Amino acid sequence: MDNNSFPALGAGLGFREPFLSDLFLHRGQVDWLEIVTDHYLDAAPEKARELDLLAAHFPLIPHGLNLSLGSAEGLDEEYADKVAALVNRLRPPWWSEHIAWTRAGGVSIGHLTPLPWTREALDVLCRNIAAMQRRTDIPLILENISYIVALPGAEMTEAQFLSEVTERTGCGLLLDVTNLYANAVNHGGDPAAFLDALPLERVVQLHFVGGRWQDGVFVDSHSSPTPPEVWALMDEVLTRAPVKGVLLERDEDLPPFSELAAELERARSLGRQRGRWA
Ligand SMILES: [Fe+2]
């Protein structure tokens with residue numbers, strides 16, 4: 001996978017239904033949209049129409065939640081086929097999923113759960129990614145998640161794990177800078193050292209948003225404006241990595257649309273200053 005083959009998308013917004021009318025009222029303020037893949041599998045007619053409408057007006061990137069790429073039992077074949085069918089129909093420049101598992105023993109736990117940083121987990125992850133790469137030739141990029149508890153038994157650091165998986169699969173990275181910040185403050189890591197250990201040339205896209213502090217823990221709740229520390233990290237990554245798109249993923253305590261548009265404009269101009277897009 002070569003980042004140079006991807007188009008520069010600029011500053012996008014994670015699509016949520018409440019944004020629909022504002023998106024069209026403020027079309028010029030949102031460069032692209034990320035859609036949650038899961039919302040359009042087995043879509044009701046109104047969701048299918050919504051997807052057609054969005055696709056007609058914005059570049060769309062599908063972002064999945066439940067592929068459970070870390071599941072030792074393998075992929076849910078039916079679900080994987082549906083995800084691939086949607087991706088193959090939309091033909092986006094790339095699509096994304098998390099480095100996580102959400103399903104075990106056929107039961108969905110409905111939560112992105114971290115993998116242990118072990119060789120065995122790496123083998124499972126690479127095997128499941130290969131199974132998706134056989135289903136679609138659209139490049140997959142992988143997102144780092146935030147975790148409250150790091151699993152014991154690690155044989156490498158998270159950054160080494162991410163490097164290995166991208167090296168072995170050819171996948172790019174969706175670097176969530178809020179998750180990077182959350183893990184650093186919650187587990188005592190150094191974001192700069194984390195970035196130094198990553199293959200930054202593989203970073204295709206970023207996620208950013210604010211969270212909330214709860215009992216001394218930074219929770220990735222997608223519920224507040226992006227904090228200064230995350231803006232600084234984003235600037236650092238935009239300076240060092242060939243980023244093609246940044247994406248605001250706000251889910252809770254939705255503010256007036258103008259506040260989201262202002263965050264997008266700030267991110268867009270940061271990327272412009274760092275020469276990532278025009
Ligand atoms: Fe994210």
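A helix here means a DSSP run of H or I at least four residues long, numbered from the N terminus.

**Entry 1: α6.** I'm working from a predicted model. I looked at where α6 ends and found Gly 188 following the helix, with a positive phi near 75°. Then I went back through the helix, residues 177-187, for its buried positions. I got Val 177, Thr 178, Asn 179, Leu 180, Tyr 181, Ala 182 and Asn 183. What sits over them? The cover includes the strands β8 (172-176), β9 (203-208), β10 (210-214) and β11 (217-224), plus the helices α7 (191-197) and α8 (228-240).

**Entry 2: α8.** I ran from its first C-alpha to its last and got 19 Å for 13 residues, close to the 18 Å expected at 1.5 Å a residue. Its buried residues are Val 230, Leu 233, Met 234, Val 237 and Leu 238. These five lie on the same side of α8, because they cover an arc of only 135° around the axis. An α-helix has 3.6 residues a turn, so residues three or four places apart point the same way. Among the elements covering this buried set are α6, α7, β8, β9, β12 (245-248) and α9 (257-273).

**Entry 3: whole chain.** I counted up the secondary structure: 9 helices and 12 strands. The radius of gyration is 18 Å against 19 Å from the globule rule for 278 residues, so the chain is as compact as a globular protein of that length. The C-alpha trace spans about 50 × 40 × 40 Å along its principal axes. Buried residues come to 40% of the 278. Of the contacts between residues at least 6 apart in sequence, 77% join residues at least 24 apart.

Notes
Residues numbered from 1 in each chain as written. Predicted model: local features only at pLDDT ≥ 70, side-chain atom pairs only at ≥ 80, totals over all residues. Buried ≥ 20, exposed ≤ 12 C-beta atoms within 10 Å, placed from the backbone. Helix = DSSP H or I, 4+ residues; strand = E, 2+ residues; numbered from the N terminus. Contact = placed C-beta atoms within 7 Å. Expected span 1.5 Å × (residues − 1). Arc of directions from axis to C-beta. Rg over C-alpha atoms; globule rule 2.2 N^0.38 Å.
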